[in-house]
Amino acid sequence: MSDTKLTVLAGPTAVGKGTVSTFIRDNYPEVWLSVSATTRDPRPGEIDGVHYYFVGPERFDELVASGQMLEWAVVHGRNRYGTIRATVERALQEGKKVLLEIDLQGARQVKEAMPEAHFVFLAPPSWEELVHRLVGRGTESAEEQQRRLETAKIELAAESEFDFTVINDTVERASAELVSIMGITPHPVAAPNARTTLEN
């Protein structure tokens, strides 16, 4: 779609950002997927350096204080997540198509630092489906689920800040649409049908 090498993917909690980005990592090797740093503990099956860089709070503070984070945020009032600036800049300098899968706060920070990037909002097919996904995965307590649903309502209202919206109805189709926006020919799963929400 353009020569822009950086694409930012964000959306409400439990919409499936991680699932879509993992599918792209596994099926589109030409995409360089940024690995975020986080202070939270690994979930079952998550590997340090592959899914996230799992760092302690003190190390995270050091990265922020020294200006080494492209973006970072406190998510759901608890854990911190962020993107290490040097890894992204190095990949861009090498001409790679970079995908950042981050939260809404982080996307806003990247927009200030790198406004030339493409910003893609991953949306659920419906609110009911988002609730079903969050509750169904069973990785949070009832209290945490309620906190995330309240956050999701706020996050959904930010869709108009993004250049494109991709509906995550199926992982394969949403991934094909996203890589098409990145200028990559998608695998023959479904025809891209991006909905532009802002003028470029």
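Leaving aside its neighbours within four places in sequence, which residues is Lys17 in contact with? Point 3 takes this up, after the overall picture.

1. Overall build. This is a predicted model. The chain has 7 helices and 10 strands. The radius of gyration is 16 Å, close to the 16 Å that the globule rule gives for 200 residues, so the chain is as compact as a globular protein of that length. Along the principal axes, the C-alpha atoms fill a box of roughly 40 × 40 × 30 Å.

2. Of the 200 residues in the chain, 48% are buried. Among contacts with a separation of 6 or more, 67% are between residues 24 or more positions apart. The accessible surface comes to about 9,800 Å², and carbon and sulfur atoms account for 51% of that surface. There are 21 positive and 30 negative side chains in the chain. The centres of these two sets lie 1 Å apart.

3. Lys17. This residue lies in helix H1, which covers residues 17–27. Beyond its neighbours within four places in sequence, Lys17 is in contact with Leu9, Ala10, Gly11, Pro12, Glu101, Ile102 and Leu122. Lys17 is buried yet has no salt bridge. The nearest side chain of opposite charge belongs to Glu101, and it is 5.1 Å away. A salt bridge here requires a nitrogen-to-oxygen distance within 4 Å.

4. Ser34 counts as buried because its relative accessibility is 8%. Val35 is buried too, with a relative accessible area of 14%. Not counting residues up to four places away in sequence, Ser34 touches Thr83, Val88, Leu99 and Leu100. On the same terms, Val35 touches Gly49, Val50, His51, Tyr52 and Tyr53. The C-alpha atoms of Val35 and Ile102 are separated by 9.7 Å, although the two are 67 residues apart along the chain.

5. Side chains of opposite charge can pair when their charged atoms come close. The count for this model comes to 15 salt bridges. One of them joins the side chains of Arg40 and Glu46, at 2.9 Å from N to O. Both Arg40 and Glu46 are buried.

6. Arg78 and Glu144. The side chains of Arg78 and Glu144 meet in a salt bridge of 3.7 Å, N to O. This pair links distant parts of the chain, with Arg78 in the loop between strand S5 (69–75) and strand S6 (79–84) and Glu144 in helix H6 (residues 142–156), 66 residues apart. Arg78 is exposed, with a relative accessible area of 51%. Glu144, in contrast, counts as buried at 9% relative accessibility.

7. What separates Glu143 from Arg147 in helix H6? They are 4 residues apart, which means a separation of about one helical turn. An α-helix has 3.6 residues a turn, so residues three or four places apart point the same way. The side chains of Glu143 and Arg147 meet in a salt bridge of 3.3 Å, N to O. Glu143 is exposed, with a relative accessible area of 55%, while Arg147 counts as partly exposed at 24% relative accessibility. Salt bridges that share partners join Arg78, Glu143, Glu144, Arg147 and Arg148 into one network.

8. Helix H7 (residues 171–181) is mostly covered, with 9 of its 11 residues buried. The buried residues in H7 are Arg173, Ala174, Ser175, Ala176, Glu177, Leu178, Val179, Ser180 and Ile181. Gly183 follows H7 and has a positive phi, near 90 degrees. Pro44 lies in the loop between S3 and strand S4 (52–54). Pro44 counts as exposed, because its relative accessibility is 85%. The C-alpha atoms of Pro44 and Glu177 are separated by 29 Å, and the two residues are 133 residues apart along the chain.

Definitions and conventions: Residues are numbered from 1 along each chain as its sequence is written. This is a predicted model: local features need pLDDT of at least 70, side-chain atom pairs count only at pLDDT 80 or more; totals for chains, interfaces and linings use all residues. Side-chain values use heavy atoms; hydrogens and water are left out. Helices (H or I, at least four residues) and strands (E, at least two) are DSSP runs, numbered from the N terminus. The radius of gyration is taken over C-alpha atoms; the globule rule is 2.2 Å times the number of residues to the power 0.38. Buried means under 20% relative accessible area, exposed over 50%, partly exposed in between (1.4 Å probe, protein chains only). Contact means heavy atoms within 4.5 Å. Accessible areas come from the Shrake-Rupley method with a 1.4 Å probe; for residues, only the protein chains shown count as cover. Lys and Arg count as positive and Asp and Glu as negative; His and the chain ends are not counted. The place of a charge is taken as NZ of Lys, CZ of Arg, CG of Asp or CD of Glu.
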